[in-house]
Amino acid sequence: MQDVGGCRSVVENVTQVRELVKAYETSRLRHRFVRDYNYIESPPPSGYRGVHLVYRYHSDKNSTYNGLRIEVQIRSQLQHLWATAVETVGTLVHQDLKASLGDEKWLRFFALASAVIAEYEDTPIVPGTPSGTALRDAIKELDMLDQLSRYNLVLYASVQDEFPKNSQYYLLRYESESRKISVMGYKKEHLDHAMQHYQEAERDSGVDAVLVSAESLDALRKAYPNYYKDTTEFITNLRWMTLIEVGKD
């Protein structure tokens, strides 16, 4: 074990992120500061943004955990909505997007989305992304916001308990021609049927489908209690920010 623990603070904006970081830097913590990772001032190509402060645990009374690391993550609300959306899509498409693994279109979309937020927050833009109008055009060309909106319906279905409590799998189908969306729930013993229906949908070029397990949704809910609300807000904010000029309210 290398880390004894960690915590995350989500504040309203980047100004408050910087104020909280400063408060930690000037505090009289017993834990020993190791280093910081400022992914706001130096964002990675993935688009992840936030500040991580790493400490070595230290206690004068109980030395059991002394020397183990504690990590404090600090994000703005918009940065947190982005991270929640990455986690949500990664769960739904069964890809580790937060580790920059998976569908290149999703990875590019989230890098561009983070760049839009960076411009709005007046912080350094994500490497390898355009700026201004070109950035917004690139977001629209990928057309992933509509797909994310459709994926959000399976979250809504599970949150609203529209299916029996013993449903273990959810299949979401979107028919592009009719623009109809359907969500079906399956019991654990009906996984074969769920997989068959999913494979049939995958073979249909006019259908976009995703099959997700209730266990993965439960894990997502534990990590991000407001994941449906957060993803909805991410979509709303990104649509709004792609329509405005940089720096304008």
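Modeller: Happy to. A helix here is a DSSP run of H or I with at least four residues. By that rule K229 and E233 both lie in helix α8, residues 227-241. The two are four residues apart, about one turn of the helix. Please keep in mind that this is a predicted model.

Biologist: What makes the contact between K229 and E233 a salt bridge?

Modeller: The term asks for a side-chain nitrogen of Lys or Arg within 4 Å of a carboxyl oxygen of Asp or Glu. For K229 and E233 the N to O distance is 2.7 Å, so the pair qualifies.

Biologist: And why is K229 called partly exposed?

Modeller: Partly exposed covers the range between buried, under 20% relative accessible area, and exposed, over 50%. K229 has 45% relative accessibility, so it counts as partly exposed. E233, with 27%, is partly exposed as well.

Biologist: How many salt bridges are there in the structure?

Modeller: Seven. Another of them joins the side chains of E41 and R18, at 2.8 Å from N to O. This pair links distant parts of the chain: E41 sits in the loop between β2 (32-38) and β3 (51-56), and R18 in helix α1 (residues 14-25), 23 residues apart.

Biologist: Which accessibility class do E41 and R18 fall into?

Modeller: E41 is at 36% relative accessibility, so it is partly exposed. R18 is at 43% and is therefore partly exposed too.

Biologist: What about D60 and R30?

Modeller: Their side chains form a salt bridge at 2.4 Å, N to O. D60 belongs to the loop between β3 and β4 (69-76), R30 to the loop between α1 and β2, and 30 residues separate them. Both D60 and R30 are exposed.

Biologist: Let's turn to the sheet with β5. Why are β6 and β7 described as standing at the edges?

Modeller: The sheet is open and antiparallel, with three strands in the order β6-β5-β7. β6 (180-187) and β7 (207-213) each have a single partner strand, so one side of each is left without a neighbour in the sheet. Neighbouring strands there are turned by 15° against each other on average, direction ignored.

Biologist: How do you know that β5 and β6 are paired?

Modeller: Pairing needs at least two DSSP bridges between the strands. Eight bridges join β5 (residues 167-175) to β6, so the pair passes. As one detail, E175 has K180 in β6 as its bridge partner. Helix α6 (residues 191-203) lies across β5, β6 and β7, and runs at about 155° to β7.

Biologist: What makes a group of residues a nonpolar core?

Modeller: The members are buried nonpolar residues joined through side-chain atoms within 4.5 Å. The largest such core has 38 residues, and those with the most contacts inside it are W82, W106, F109, F110 and F234. Helix α3 (104-120) gives the most to this core, with nine residues.

Biologist: Which residues does W82 touch, leaving out those up to four places away in sequence?

Modeller: They are S46, G47, Y48, F110, A113, S114, I117 and F234. A second, separate core of ten residues includes L53, Y55, I70 and V72.

Biologist: And what share of the whole protein is buried?

Modeller: Buried residues make up 43% of the 249.

Key. Residues are numbered from 1 along each chain as its sequence is written. This is a predicted model: local features need pLDDT of at least 70, side-chain atom pairs count only at pLDDT 80 or more; totals for chains, interfaces and linings use all residues. Side-chain values use heavy atoms; hydrogens and water are left out. Buried means under 20% relative accessible area, exposed over 50%, partly exposed in between (1.4 Å probe, protein chains only). Axes are lines fitted to C-alpha atoms, for helices over the stretch in contact, and angles run from 0 to 180 degrees between N-to-C directions. Contact means heavy atoms within 4.5 Å.
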